[in-house]
Amino acid sequence: MTVLDAVVVGGGPSGLAAALWLARYRRRVVVVDSGEHRNRWVDQAHGYLGADPFHPPDLLERACADVDAYPEASRRPGRVTAAVRNDDGTFTLSLEGEPDVLRAKRVVLATGVGDVFPEVERFFDFYGADVFHCPTCDGYEAKGKDVVALGWSEEVTGFALTLLGWASSVTIVTDGRGFEGDEACRRQLVANGVRVLEDEAVAFMGERGAMEGVRLRGGEVLRCAMAFFSIAHRFHAELADQLGCARTSEGCVQVDHEGCTSVPGVYAAGDLVPGLHLVQVAAAKGTVAGVACARSLRGEGGMPEEWEGAVAGYTGPMTQQQDEAAARQDLDHLGEEIDEVRERVAHEQGEKGPRFIDEGALSEDQPVDDTIAPPG
Ligand SMILES: Cc1cc2nc3c(=O)[nH]c(=O)nc-3n(C[C@H](O)[C@H](O)[C@H](O)COP(=O)(O)OP(=O)(O)OC[C@H]3O[C@@H](n4cnc5c(N)ncnc54)[C@H](O)[C@@H]3O)c2cc1C
């Protein structure tokens, strides 16, 4: 069975970025994606440099086309249901409903997170147009508008106050539960004009793109043009757990500055790991993990099989030792060239012999030529 260089699980911005860079390092990589991108409901996402605003499916389509342009990379729809690290350090991944498995030297987990949604009638008629969960992503669109914040935990205090940076008014609706913030939270909210309604939001009113309000259990309609919710999200970390990757206290998959998890050969990126949940950040984390993953394979055959022997002068990827030896040779050549220049200058100036520094010991016979920097 072919052992791939890497399998990337998840084809959102982070997984595609990782795959792109693995391919650019000429690594055979397969991206498996179940197509449940976190922002698939969103009409317009924001803040991606050079494409602000953007329709998320359009950006993904362009990203897929970028990856598809590399013969080293391929994408397949599907869900990875199990991942095992074999004794030889390779990985075996099983796909839902498929008899065959994938084997790879490395795995990049880019499976993202799933949001917990409020149970409000017509939620999906409005989600991604008038209803959002992230003030950083969509707070700007709340500028000058009346906004409802759905949530009951202590955290909804900061959430509501953040929204006030854009909105003209914010009202918290606790979904019929008791507000969990303490007196200090309540005081802060009152001081900033934020009302807390311990009532249940039953339905959103109006049309997508033109929200009119939220109907409460008692029948009252709370006028608002946008709603934000702060409930919870769940990390898609089942595969990370199967492989034994450590998680942070928040539940993210723990990685170092190169996207390496606690399990050798397993990388992780995107919303699954600590950091901001933004498309640009996800793509950047995927880039870091993809490059690190590719570099970790240095010295292991990476060209597509059909290229071996077909590319003139190609004798397989350099090993690290070969690479270092080549670098040393380059330095030696540089030293020789500098000596030659010195000799020529000395000759042109009618001096007796070559000028050089010998371990820092200078003498009248060996004057220092300070017009040429000595090697080292
Ligand atoms: C409503 C909303 C609005 C947003 N607005 C913005 C915005 O304006 N600007 C911005 O920058 N960000 C925005 N975001 C955040 C942005 O969507 C995420 O930060 C980004 O999608 C994270 O990328 P990712 O690749 O980590 O995960 P995702 O894009 O979620 O991709 C993960 C992929 O992995 C797949 N997957 C999961 N498990 C498996 C498995 N076992 N096998 C195979 N495939 C699997 C999923 O199906 C999915 O396709 C928004 C998010 C939401 C929900």
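In what order do the three strands S12, S13 and S14 form an open sheet, and is the pairing parallel or antiparallel? In this predicted model, the order is S12-S13-S14 and the pairing is antiparallel. Strand S12 (201–207) and strand S14 (221–223) each have a single partner strand and stand at the edges, so one side of each is left without a neighbour in the sheet. From one strand to the next, the twist averages 30°. Six bridges connect S12 with strand S13 (residues 210–216) in the antiparallel sense, and Ala-201 is placed opposite Leu-216 of S13.

Parallel pairing is found around strand S15 (residues 226–229). Strand S8 (residues 131–132) runs parallel to S15 and is joined to it by two bridges, with Phe-228 in S15 as the bridge partner of Phe-132. Strand S9 (residues 146–150) also pairs with S15 in the parallel sense, over four bridges; here Leu-150 stands opposite Phe-229. In a regular strand, side chains alternate between the two faces of the sheet. Within S15, Met-226 and Phe-228 point one way, Ala-227 and Phe-229 point the other way, and all are buried.

The ligand is surrounded by 41 residues, the closest being Gly-10, Gly-12, Asn-39, Gly-112 and Gly-270. This shell comprises 15 nonpolar, 19 polar and seven charged residues. At least two shell residues are supplied by each of helix H1 (13–24), strand S2 (29–33), helix H4 (135–138) and helix H8 (279–296). Because both domain 1 (3–115 + 233–307) and domain 2 (118–230) give residues to the shell, the ligand lies between the two domains.

Note on methods:
Residues numbered from 1 in each chain as written. Predicted model: local features only at pLDDT ≥ 70, side-chain atom pairs only at ≥ 80, totals over all residues. Near = placed C-beta within 6 Å. Nonpolar A, V, L, I, M, F, W, Y, C, P; charged D, E, K, R; others polar. Domains from an automatic or database assignment. Pairing = 2+ DSSP bridges. Axes fitted to C-alpha atoms, helices over the stretch in contact; angles between N-to-C directions. Buried ≥ 20, exposed ≤ 12 C-beta atoms within 10 Å, placed from the backbone.
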